[in-house]
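Please look over the structure shown here. A short report on selected features follows.

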Amino acid sequence: MNRQSNMEKWAALYVRLSRDDENEGDSNSISHQIELLQRYCKERSITNCRVYKDDGFSGTSFNRPGFQEMLRDIEAGMVDTVIVKDMSRFGRNYLEVGIYTEVRFPEMGVRFIAVNDGVDSDRQFDNDFTPFRNIINEWYAKDTSKKIRSVFYNKGMSGQRLCTHIPYGYIKGTGGNLAIDEETAPVVREIFYLCAEGNGTGRIARILRSRGIPTPGTIEFRRTGRTRNYHPDDPCRWNESSIANILAQDAYLGRTTNFKTTKLSYKSRKTILNPPEKQVTFENTHEAIIDPDTWEAVQKARQQRRRPTKMGDMGMFSGLVYCADCGQKLYLCRTTSWTHEQECYNCSTYRGHKGCSAHYIRTVVLEALVLQNIQRVIAYAQLDEKRFVQGLLEEKNALRHKEQETAKRRLARWERRIAEIDSIMRKLYEDSYTGKLSDERFMKLSQGYEAEQAGLRASAEELRAAIDSAQEQAKDVERFTRLVRKNLYPTELTPALLHSLVDKIVVHEKTKDAEGHRRQKIEIFYKFIGASEFSPEYSQYCKK
């Protein structure tokens with residue numbers, strides 16, 4: 001029977017070229033494959049043909065647009081023959097290649113031909129070596145993958161940037177290094193500044209959109225003509241994911257971090273994140289856009305979940321104020337009919353009627369108390385920074401010394417108990433060996449002691465780490481003094497000032513003193529140094 005008698009069906013000429021195949025020269029080029037297959041069809045009077053091609057796709061995966069289009073046409077009954085240059089063009093995964101060529105295609109009445117390999121499903125006696133060809137093709141793909149991984153590993157370990165995507169805010173400079181883009185770098189700084197002020201990604205996106213700032217996709221289109229993430233009808237359509245990606249990009253610190261992601265195998269296209277211990281970071285590889293203090297402030301702010309009010313914005317203290325009794329956050333209470341003086345914060349547990357008291361405090365009172373304390377800390381630090389640093393270190397060292405003494409006593413007690421368990425275990429083994437203790441009883445006792453000893457050893461390691469953490473104290477004080485140097489004596493409390501210095505604020509419930517006045521204690525914890533004598537607990541008089 002002539003396969004071309006049914007003119008509604010055609011022969012599918014499938015061609016494929018991956019990036020690695022380009023290194024082998026013109027013999028595997030798309031044009032050469034098409035020319036070869038068309039000549040093959042002409043010599044055999046196959047006139048009804050259609051080309052399906054995948055340019056730049058690996059043969060280890062069958063999720064290719066051209067292949068999938070051909071497969072849909074086959075399933076629709078419009079293709080009766082599939083012709084490829086050789087088996088490697090069809091695919092390099094021998095299991096899937098075998099399923100298509102030996103199971104699916106025969107079931108659908110489709111003839112399969114690999115010209116250079118002499119494979120033709122209509123001549124089964126010539127195809128005995130085909131499975132071995134498929135395995136060899138997969139071995140080739142596996143070997144190529146290993147070589148590419150080795151090249152990437154050596155490149156990454158030398159400090160060269162592996163990611164081909166240039167972060168927004170940079171351009172490609174001399175020698176392939178990143179250089180600051182004067183047009184977009186100010187936008188990056190503004191995004192970090194807005195986040196440090198306490199704004200979420202959604203609000204930042206709305207602010208940039210309202211200012212008419214073009215998106216990264218728009219900038220890329222204007223410079224290169226590429227339409228990825230470009231919306232011609234809305235060139236300033238910023239979204240939350242774009243803002244979040246920028247805020248998480250550590251390249252803005254002037255560093256290069258390689259091996260952030262990996263793939264399970266050369267057969268899998270799925271990208272997975274590497275844990276931090278498998279990543280490699282190189283400092284000072286290019287000019288930084290964001291300073292370390294701003295970066296740390298933003299990362300901490302991103303960890304705190306903050307929700308806008310029903311009026312569409314966030315209070316200055318949202319995400320920073322906590323209840324002293326239940327430990328939950330205080331939430332801003334306000335309405336359109338209230339003045340700013342009427343706005344207040346209440347405990348979220350109290351709002352949910354779950355047993356805690358209100359811990360009510362007005363926003364203006366909180367603003368005044370926090371500003372007053374910040375002014376006091378900054379003034380003292382700028383008056384005599386050396387004495388300020390020395391006082392902080394002495395205070396933290398005194399506290400650390402006390403904690404270390406307690407930890408050392410606890411560690412010594414645990415280490416004695418670990419030694420005791422070793423002695424007990426040796427006695428148990430002896431009793432078990434001599435028959436004084438049954439096997440069942442021995443197993444039960446030994447498992448209990450081993451579990452206790454494992455727990456003690458883990459806890460002992462944590463204590464040793466805590467005892468050896470003295471160096472971090474000095475680093476934390478230096479970080480805080482750098483933050484203080486950036487701020488002159490402030491006359492008003494702004495979100496940027498608040499979020500750059502303050503880590504959290506703890507609000508206590510009101511109490512009455514002997515004279516019947518109500519008081520409320522406020523604890524202010526600063527970043528890196530916590531609560532100290534420079535950030536005292538405040539008490540405010542409340543109306544009866």
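What volume does the second largest cavity have? The second largest cavity has a volume of about 30 Å³. The model is predicted, and that applies to every value below.

## Cavities

The whole structure holds 2 cavities of 30 Å³ or more. Rolling a probe the size of a water molecule over the atoms shows where empty space is left.

The second largest cavity is lined by D293, E296, A297, L483, S500, K527 and F528. By type, this lining has 3 nonpolar residues, 1 polar residue and 3 charged residues. Which helix gives the most to the lining? Helix α10, residues 292-303, does, with 3 residues.

## Confidence

The average pLDDT of the protein chain is 78, and 78% of the residues score at least 70. Residues 1-6 have a pLDDT below 50. Beyond near neighbours in sequence, this stretch has 9 contacts in the model. Residues 535-544 also have a pLDDT below 50. That stretch has 39 contacts beyond near neighbours in sequence.

Where pLDDT is low, the predicted coordinates should not be read in detail.

## Overall fold

The protein chain comes to 16 helices and 19 strands. It has 544 residues, and 43% of them count as buried.

## Cysteines

How many disulfides does a search of the whole structure find? The search finds 0. A disulfide is a covalent bond between the sulfur atoms of two cysteines.

C41 is in no disulfide. Its nearest cysteine sulfur belongs to C49 and is 3.7 Å away. C41 has a relative accessibility of 1% and counts as buried.

C333 is in no disulfide either. The nearest cysteine sulfur is that of C344, 4.4 Å away. C333 also counts as buried, at 16% relative accessibility.

F259 is not a glycine, yet it has a positive phi of about 65 degrees. The residue sits in the loop between β8 (256-258) and β9 (261-263). Is F259 buried or exposed? F259 is buried, because its relative accessible area is 17% and the cut-off for buried is under 20%.

H359 is not a glycine either, and its phi is positive at about 55 degrees. H359 is in the loop between α11 (348-351) and β15 (361-362). Its relative accessible area is 0%, so H359 is buried.

## Helix α8 and what follows

Helix α8 covers residues 216-224 and includes F221. The buried residues of α8 are G217, T218, I219 and E220. F221 is partly exposed, with a relative accessible area of 28%.

Which residues does F221 contact, leaving aside its neighbours within four places in sequence? F221 is in contact with R226, T227 and Y230. F221 and H231 are 10 residues apart in sequence, and their C-alpha atoms are 9.6 Å apart. Just after α8 comes G225, with a positive phi of about 85 degrees.

E8 is in the segment before β1 (10-17). With a relative accessible area of 65%, E8 is exposed. E8 and M78 are 70 residues apart in sequence, while their C-alpha atoms are 6.6 Å apart in space.

Where does G327 lie? G327 lies in the loop between β12 (321-323) and β13 (330-333). G327 counts as partly exposed, at 41% relative accessibility. The C-alpha atoms of G327 and V506 are separated by 8.5 Å, although these residues are 179 apart along the chain.

Key: Residues are numbered from 1 along each chain as its sequence is written. This is a predicted model: local features need pLDDT of at least 70, side-chain atom pairs count only at pLDDT 80 or more; totals for chains, interfaces and linings use all residues. Side-chain values use heavy atoms; hydrogens and water are left out. On a 1 Å grid over the protein atoms alone, a cavity is a set of points where a 1.4 Å probe fits but cannot get out, and a pocket is an open set with protein on both sides within 12 Å along at least five of seven lines; lining residues have an atom within 4 Å of a point. Grid points are joined across faces, edges and corners, and a volume is the space filled by probe spheres set on the points. Helices (H or I, at least four residues) and strands (E, at least two) are DSSP runs, numbered from the N terminus. Ala, Val, Leu, Ile, Met, Phe, Trp, Tyr, Cys and Pro count as nonpolar, Asp, Glu, Lys and Arg as charged, and the others, Gly among them, as polar. Buried means under 20% relative accessible area, exposed over 50%, partly exposed in between (1.4 Å probe, protein chains only). pLDDT is the predictor's confidence in each residue, from 0 to 100. Contact means heavy atoms within 4.5 Å. A disulfide is a pair of cysteine sulfur atoms within 2.5 Å.
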